[in-house]
Amino acid sequence: MTNDTTKPRKKPGRATLIGTVAVAAVAAAGTSALLVNIFERKAESRNPFFRVVELDEKTEDPAVWGKNFPIQYDAYLRTTDMVRTRYGGSEAMPRTPTEADPRSIVARSKVETDPRLKTMWAGYPFSVDYRQKRGHAYMLEDQEQTRRVKEFNQPGTCLHCHASIVNPYTEAGDGDFLAGFDKLNRMSFQEARTHVQHPISCIDCHDPKTMQLRVTRPGFLEGIKALKASEGIADYDPNTMATRQEMRSYVCGQCHVEYYFKGPEKRVTYPWAKGLKIENILDYYEEVGFTDFVHAETGAKVLKAQHPEFEMWSQGIHARSGVSCTDCHMPYERVGAMKVTDHHVRSPMLNVNRACQTCHKWSEDELKARVETIQERTVELRNIALDALVDLVGDLKAARQAGRSDAELETPRSLQKRAQMMIDFIESENSAGFHAPQEAARILAQAIDTVRKAQNALKSTEPAVGTVQ
């Protein structure tokens, strides 16, 4: 006799069937949504922009470019932001607009907060008006309204970097870009200003047909050619010979550099023929016999540094590691399936996650602390160097008033010129030493030592006690 203990299988209930169907339906819907999303993202990546308008070499207004590139244009507009980091950026200062100056907000004056700068630049327009830097959106307005332009004669050369200049140069030269460059350089700032309409725009860095990066500033094209020639590379043209990663720094280096106005034609020239280090630049200026102004208190022929970010960055670890300016100041961001460059150009300290943490796997607080430590130490050295320079100016002024001859003052004056340029090189560079910390410290140490040598030279020519000159 067989004992069958097998129980008959229960049929699934109606609720179970409905639940199974529902789960399957949800899974199918989810899968379909995922596939649709993948399809859409692939379509986005194949079409990084939509050609709403045609762009060409005449399209100067960034708002027109923004119709094709709304994400980049929206970021560009945010360069109006005024945000102060611990050692950089700009602090907004309200002012009452006037007919002569319609600005309702300006950046804080540096020469008012640190009068030592007035002493360093005595006799030069920078001692009258020098402010914290504002974003790209303000570059033309602030240049036009500064007292350095309103109260002193300045050439049209200034617009080389403060305006969208591709079309104005071409039009002024009747189609000859370099001829137009020469023509606007020779004009007064006020006359040249009538030829430009916008601050730096898309066309200044991008080919309107291919969107490829390009260098458009004659000063940089000639300067980098001279630099590469000194390195044994003839006829260097960044637009045909540079890598894309190099171009991601060159487009910034077009303007964030040291320069001078050469000759009566006021041709903007980058002093790179001997190299990018401060000693190379000082040697170049010595060889060509250039000085910016005569110091009002000491009579020394001295130099005024501009904003040598490119030169200082070139001496730093990021440049040696192949990190470009845009990697930190305009880092990539994801917008849907697209990877775009953030055109909200700003300090990496305001965008640590994308600017720094892509490579450095530490917390934002740790990375900020490291940067601020570097900057704090640089500023400390800068203060020591500035104090020393002010003391030297006082000593030279007293010697001059005491009737010391130009021959007696020649050596200490030449040393003032050298020390002052070194200090100014760090003062006018906008990273507070971060672009090349060891180089910044070296330069300031050299400046302090040069001041000491100048003071010793001044003492060595002092008349002996009791003698009559």
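1. What percentage of the 469 residues in the protein chain do buried residues make up? In this predicted model, buried residues come to 45% of the 469, where buried means under 20% relative accessible area with a 1.4 Å probe, protein chains only.

2. As for the ground rules, residues are numbered from 1 along each chain as its sequence is written, and side-chain values use heavy atoms, with hydrogens and water left out. Because the model is predicted, local features need pLDDT of at least 70 and side-chain atom pairs count only at pLDDT 80 or more, while totals for chains, interfaces and linings use all residues.

3. The protein chain holds 22 helices and eight strands, which are DSSP runs (H or I, at least four residues, for helices; E, at least two, for strands) numbered from the N terminus. Its radius of gyration, taken over C-alpha atoms, is 29 Å, well over the 23 Å of the globule rule for 469 residues, so the chain is more spread out than a compact globule; that rule is 2.2 Å times the number of residues to the power 0.38.

4. In helix 14 (residues 244–253), the buried residues are M247, R248, S249, Y250, V251 and G253. Their cover, judged by contact (heavy atoms within 4.5 Å), includes helix 12 (218–230), helix 16 (309–313) and strand 7 (332–335).

5. The count of disulfides, meaning pairs of cysteine sulfur atoms within 2.5 Å, is zero. The sulfur of C202, for example, has its closest cysteine sulfur in C205, at 8.6 Å, which is too far for a bond.

Methods. Buried means under 20% relative accessible area, exposed over 50%, partly exposed in between (1.4 Å probe, protein chains only).
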